[in-house]
Amino acid sequence: MVAEKSQSLRVIGDTDSSKRRQILDGARTVFLDLGFDGASMGEIARAAGVSKGTLYVYFADKSALFEAIVEEESLEQGKLTFNFDPERDVTTTLMEFGRAYIQVLCRPGGGSAIRTVMAIAERMPDVGRRFYENVIAVTIGRLAAYLEARARLGDVMIDDYRLAASQFLQMCQASLFQPFIFQAAPAPTPERIEQVVASATRMFLAAYGSKRA
């Protein structure tokens, strides 16, 4: 009897998780297509293939649903791994990271998620803050830790590692991210990304590179 009850509870749990996943997938499509203000719970229910009653069982309102999607997006992007092995040379690491970073930031379809978070951050500051802390700040911290390790080896001379890391990220975005995020230009080509990141790397090392012979 105990085994049967345990199995029943497990099946119910799996079904519950599957239904929640179904709702989140439908809601993500609607939010990205219509934005937060344009989306309605009715439209989300239709996209998810559930009734509005079922939708409200899982999420109290549109804001709660949106927060769940942003939280999930934040955690997934925060898991992105870049090779910051302190044994790797600075030029190779910066070039490889810069290319990968811009490809993720300006990936086709990726701008919609960022625009949606930016649009709602003023009204839902906790959502914007968590996205920043779990995605942007994590990336800055990883690069800063790598730069600190290379500074101990004498390859770079930096006083503020997080500032230097932020500066490199901003230089990599130059002429790429803003036109993309404001839909003034499509996602940049690999060739253009290579050109901009190479320039950013040269400028960064001109400022922070070791002057040793």
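The chain exposes about 11,800 Å², of which carbon and sulfur atoms supply 55%, the areas coming from the Shrake-Rupley method with a 1.4 Å probe and, for residues, with only the protein chains shown as cover. The model is predicted, and local features need pLDDT of at least 70, side-chain atom pairs count only at pLDDT 80 or more, and totals for chains, interfaces and linings use all residues. Residues are numbered from 1 along each chain as its sequence is written, and side-chain values use heavy atoms, with hydrogens and water left out.

**Exercise 1.** Determine how many helices and strands the chain has.

*Solution.* Begin with the DSSP runs numbered from the N terminus, where helices are H or I runs of at least four residues and strands are E runs of at least two. Counting these runs gives 10 helices and 0 strands.

**Exercise 2.** Describe the span of helix 7 and locate its kink.

*Solution.* Helix 7 covers residues 125-152, which is 28 residues. Its expected span is 1.5 Å times one less than its number of residues, and the 38 Å from first to last C-alpha is close to the 40 Å expected. The next step is the bend, taken as the angle between axes fitted to the seven residues ending at a residue and the seven starting there; helix 7 has a kink of about 35° centred on E133. After the helix comes G154, whose phi is positive, near 85°.

**Exercise 3.** Decide whether T201 is buried or exposed, and list what it touches.

*Solution.* First place T201 in helix 10, residues 190-208. Next apply the cut-offs, buried being under 20% relative accessible area, exposed over 50% and partly exposed in between (1.4 Å probe, protein chains only); at 4%, T201 is buried. Finally, with contact meaning heavy atoms within 4.5 Å, T201 touches T91, L94, M95 and F168, residues up to four places away in sequence not being counted.

**Exercise 4.** Examine the salt bridge between R123 and D37, and state which parts of the chain it ties together.

*Solution.* A salt bridge requires a side-chain nitrogen of Lys or Arg within 4 Å of a carboxyl oxygen of Asp or Glu, and the R123 and D37 side chains meet at 3.0 Å, N to O. R123 lies in the loop between helix 6 (110-120) and helix 7, whereas D37 lies in helix 1, so the pair ties together parts that are 86 residues apart in sequence. To complete the picture, R123 is exposed at 52% relative accessible area, and D37 is exposed at 55%.
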